[in-house]
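Here are my notes for your first look at this one. Have the model open as you read.

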Amino acid sequence: MSRLLAASVTVAAAAVLAVGAALGIVALLDATPDQPNTPLITYENADQER
């Protein structure tokens, strides 16, 4: 019976650790600022593309 108890405690601890890691990753991703969406190439007008 003690092995069953140890296994269930291990599974519960692993589940709590996985949920905590997932929430931590989401919090870190939300904390980083959005990058500006600036184009690499800009044209003065449409005639210069050709």
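**Notes on the model**

1. The chain's secondary structure amounts to one helix and zero strands (DSSP runs numbered from the N terminus: helices are H or I with at least four residues, strands are E with at least two). Keep in mind that this is a predicted model, where local features need pLDDT of at least 70, side-chain atom pairs count only at pLDDT 80 or more, and totals for chains, interfaces and linings use all residues. Residues are numbered from 1 along each chain as its sequence is written, and side-chain values use heavy atoms, with hydrogens and water left out.

2. On overall shape, the C-alpha trace spans about 80 × 20 × 10 Å along its principal axes. The radius of gyration is 25 Å, whereas a compact globule of 50 residues would have one near 10 Å (taken over C-alpha atoms; the globule rule is 2.2 Å times the number of residues to the power 0.38).

3. How much of the chain is buried? Of its 50 residues, 0% count as such (buried means under 20% relative accessible area, exposed over 50%, partly exposed in between, with a 1.4 Å probe and protein chains only).

4. Take V26, which sits in helix α1. V26 counts as partly exposed because its relative accessibility is 46%. From V26 to N37 is eleven residues in sequence and 22 Å in space, C-alpha to C-alpha.

5. L40 lies in the segment after α1 (2-31). Its relative accessible area is 87%, so L40 is exposed.
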